[in-house]
Amino acid sequence: RSGSLRQKAQANLAAIRTLKTVETENRPGAPEEKAVLVKYTGWGAMPNAFAPQPSRDWQSVAGELRDLLSAEEYASARASTPNAHYTSPEVVQAIWQAMEQFGLKPGAHILEPSMGVGHFFGMMPETLYPGTKRTGVELDSTTARIAATLYPDSSVHAKGFEDIPLPKNFFDAAIGNI
């Protein structure tokens, strides 16, 4: 995603505020809210937001994060910084094209084991939609809840992949950029 780290941090904070609103009101995300949620990039490039003594540049972001997130959510987000990485749309599209060339058809059972906010689900070719079932796994609780709000027709698990009891020989394909 283009933009400075500060812009990404502000987009992340806006997404968290939007998620909290949708959850508090116990309703699906509206299209304009999903447009905010999909801009969440995680904190992989911004560990400064979790520094015990953040630099002046990061103090406002760090303070708002502490205010917005519960202690558990904050710990989960902080723990995600080494592993939260953005995958460009060009890479996502190329992987989907390869999946189709490998013979993936509509009606498949698809697993994304480290889904982030679900860009692979969001960019799945429309030709694959009929009957396809999508299952995603995301360790960070906030990121997983954003993915579940963006893709309510998918099954999203907010746990470590190793902690999800998935059926053997069920999925036709696993997709992602781990």
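Is Asn 26 buried or exposed? Hi everyone, let's start there. Asn 26 counts as exposed, because its relative accessibility is 70%; the cut-offs are under 20% relative accessible area for buried, over 50% for exposed, and partly exposed in between, with a 1.4 Å probe and protein chains only.

A quick word on the model. It is a predicted one, where local features need pLDDT of at least 70, side-chain atom pairs count only at pLDDT 80 or more, and totals for chains, interfaces and linings use all residues. Residues are numbered from 1 along each chain as its sequence is written, and side-chain values use heavy atoms, leaving out hydrogens and water.

Back to Asn 26: you'll find it in the loop between H1 and helix H2 (31–37). Helices here are DSSP runs of H or I with at least four residues, strands are E runs of at least two, and both are numbered from the N terminus. The phi of Asn 26 is positive, near 50°, and this residue is not a glycine.

Asn 169 also has a positive phi, about 55°, without being a glycine. Its loop runs between strand E3 (155–157) and strand E4 (173–174), and Asn 169 counts as exposed because its relative accessibility is 83%.

Now to the inside. A nonpolar core means buried Ala, Val, Leu, Ile, Met, Phe, Trp, Tyr and Cys residues joined through side-chain atoms within 4.5 Å. The largest one has 25 residues, and Trp 43, Val 61, Leu 65 and Ile 146 touch the most other members. H1 gives the most to this core, 5 residues.

A second, separate core has 11 residues, including Phe 120 and Met 124.
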